Amino acid sequence: MRKVLRWEPPSGRLPRRPYRDSVLLYGGLAILLVVVAAATGGSILRALVIGGFFFVAATAWSWRRWRERMREEERRRT
């Protein structure tokens with residue numbers, strides 16, 4: 001039997017504030033990207049653009065997934 005890996009959140013309770021948690025996590029990672037670029041002598045402007053794009057894309061994807069999961073849980077309850 002072949003095992004398929006899936007990138008899904010673990011089953012169980014939803015966090016109290018999933019949207020805020022996503023913003024904090026991806027914002028921290030975007031800041032870390034800029035700091036690493038500055039520490040290694042890379043272009044700060046380029047790192048800001050890439051970090052901003054990463055933040056917006058990752059947050060939008062995460063929020064979409066949370067919304068889908070919340071709707072699915074509501075359907076299960078009713």
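**Helix packing and salt bridges**

At 61% relative accessibility, arginine 77 counts as exposed. In this predicted model, the side chain of arginine 77 takes part in two of the salt bridges described here. With glutamate 74, the closest N and O atoms are 3.0 Å apart. With glutamate 73, the N to O distance is 3.7 Å. Both partners share helix 2 with arginine 77: glutamate 74 is three residues away, and glutamate 73 is four residues away. Each spacing amounts to about one helical turn. Glutamate 74, at 44%, is partly exposed.

Six salt bridges are found in the whole structure. One of them joins arginine 64 to glutamate 68, with N and O atoms 3.2 Å apart at their closest. These two residues also lie in helix 2, four residues apart. Arginine 64 is partly exposed at 42%, as is glutamate 68 at 31%. Both belong to a salt-bridge network that includes Arg65.

Helix 1 covers residues 18-39 and spans 31 Å between its end C-alpha atoms, close to the expected 32 Å. Its buried residues include Tyr26, Ala30 and Val34. Glycine 41 follows helix 1, with a positive phi near 85°.

Threonine 59 lies in helix 2. At 7% relative accessibility, threonine 59 is buried. Its contacts beyond four places in sequence are Val23 and Tyr26.

Conventions:
Residues are numbered from 1 along each chain as its sequence is written. This is a predicted model: local features need pLDDT of at least 70, side-chain atom pairs count only at pLDDT 80 or more; totals for chains, interfaces and linings use all residues. Side-chain values use heavy atoms; hydrogens and water are left out. The expected span of a helix is 1.5 Å times one less than its number of residues. Buried means under 20% relative accessible area, exposed over 50%, partly exposed in between (1.4 Å probe, protein chains only). Contact means heavy atoms within 4.5 Å. A salt bridge is a side-chain nitrogen of Lys or Arg within 4 Å of a carboxyl oxygen of Asp or Glu.
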